[in-house]
Structure formats: structure tokens, C-alpha cells
Amino acid sequence: VDLGTSNTVAVVRQTCGDTVTVEFDRAPLLPSGVCAVSGGRLATGRDARDLADTHPESFEPAPKRRIGDDTVPLGHRDFSADELVAAVLGRVLDETRHVTGRAPGHVVLTFPAAWGPARRMVLVEAARRLGVTDAMLLPEPVAAARFVSSVHPRAVPVGRTTVVYDLGAGTFDATVLRRTPHGFAQIGRASC
């Protein structure tokens, strides 16, 4: 699962090794925004974006940017950042159940390479809110390099380096990775 600033995406790797992109309202991108509705519930995705037209004070378009804030006031209530992230992640898990017919056996959450332990812990806490106690955290550039290597095994031979860049909605990140016998190691990065 990649919680992006603007959109969230998820891919399911099935036991046979095939991958399936999770769809949200027949699209591979889930808008990351959330909107507080009655009862303290958070609407997600297109529903949240639609509700924002009539309830702009209850809408947060980019929960990822709120990670690090103490609380986020939406409507008549303050939410923690992990509550906002949990709402988006919960939607991903629900849609994953529709694709596979069951809860995922293992959850991997990606995060920007520059994030420190406090920001990563928000992802862990969001997952725990949903009953996922063993989520694996993986830096976004490492996840991208692993995927490319799974599709094109000889793209980056062991001992060689590659650059992964992420031109996101709010930042540009570039990371230099070296392929090791056990995966990829980050050896440099830049953000702006």
C-alpha cells in the first residue's frame, strides 16, 4: 500500500505470484482525502471529495501531510493523524477483501525515504487501529526497485546502482540504491 499525498494505490500479490491492482470505484487510484461525517466517521476517496463541496470545513485533502501534527480539526471534532491514515488504509483493506475474498495475510506499507521513526510510527499505529499488528514498513524507493527487479530480474545486477525518483503531488524525491545479494540498500537521497 502506498499512501500518497493526493492518491493511494495498492497491489495484491496472490499466492500464485500474480499481482492484482486494487481498484476503488473502478479506478486504480483512491483519492487520499478524508471527510468527517456524522457519528465521527471518516468518508474516504471520491465520497470524501464529493462531501467536501458542501462540507469544506470537514475535509482534509492530504492526510499524509498532516502526519506530525498533534491533531487535525475536521468539522466538530479533532482527529489524530493516525485516525486519518487508518480511514484511508481501512478503505484499502476493505477493497482488498473484495478482490481476494479474504483479509490480506500480510500488509506492506511504503513510506518516503526521508521519514524518521516518529512519522513511520503513525503508519504502524494506523494499521494497529485496524487490527493489523504485523505490518511491514518499506521505503518507497526500495519498494519500487523491488518491483522492477521482480518484473525485470536483470535490470539492476548485484553490485550496481540505480536511481529511483518520485515526482509526487508535493515533493520530488530521488534516491540512489545499490543492489546487494539480499535486496537494495539506500546510499544517497535528495528531496525538494
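1. In which sense do β1 and strand β2 pair, and over how many bridges? In this predicted model, β1 and β2, the latter covering residues 7-9, are paired in the antiparallel sense, and the pairing runs over 2 bridges. Within this pairing, Asp2 has Val9 of β2 as its bridge partner.

2. The two strands belong to an open sheet of 3 strands, ordered β1-β2-β5 and paired in antiparallel fashion. Its edges are formed by β1 (2-3) and β5 (30-31), each of which pairs on one side only.

3. Helix α4, which takes in residues 140-151, has a length that agrees with expectation, because its 12 residues at 1.5 Å a residue should span 16 Å and its end C-alpha atoms lie 17 Å apart. The helix has as its buried residues Glu140, Pro141, Val142, Ala143, Ala145 and Ser149. The cover over these buried residues includes β1, together with β11 (108-111), β12 (136-139), β13 (161-167), β14 (172-180) and β15 (183-191).

4. Glu140 deserves a separate look, and its place is in helix α4. Is Glu140 buried or exposed? Glu140 counts as buried because its relative accessibility is 12%, where the cut-off for burial is under 20%. The side chain of Glu140 makes a polar contact, at 3.2 Å, with the side chain of Lys64. When neighbours within four places in sequence are left aside, Glu140 is in contact with Asp2, Lys64, Thr110, Phe111, Pro112 and Asp166; of these, Asp2 is the residue whose bridge partner in β2 is Val9.

5. Turning to the nonpolar packing, the largest nonpolar core comprises 31 residues, and those with the most contacts inside it are Val34, Leu42, Leu74, Leu84, Val85 and Leu123. Two or more residues are given to this core by each of β6 (34-36), β9 (72-74), α2 (81-100), β11 and α3 (117-129). The largest share, 9 residues, comes from α2.

6. Apart from residues up to four places away in sequence, Leu84 touches Val34, Leu42, Glu60, Pro63, Arg66, Val72, Leu74 and Phe79.

How values were computed: Residues are numbered from 1 along each chain as its sequence is written. This is a predicted model: local features need pLDDT of at least 70, side-chain atom pairs count only at pLDDT 80 or more; totals for chains, interfaces and linings use all residues. Side-chain values use heavy atoms; hydrogens and water are left out. Two strands pair if DSSP finds at least two bridges between them. Helices (H or I, at least four residues) and strands (E, at least two) are DSSP runs, numbered from the N terminus. The expected span of a helix is 1.5 Å times one less than its number of residues. Buried means under 20% relative accessible area, exposed over 50%, partly exposed in between (1.4 Å probe, protein chains only). Contact means heavy atoms within 4.5 Å. A nonpolar core is a set of buried Ala, Val, Leu, Ile, Met, Phe, Trp, Tyr and Cys residues joined through side-chain atoms within 4.5 Å. A polar contact is a pair of N or O atoms within 3.5 Å; within protein, one must be able to donate a hydrogen and the other to accept it, and residues adjacent in sequence count only if both atoms are side-chain atoms.
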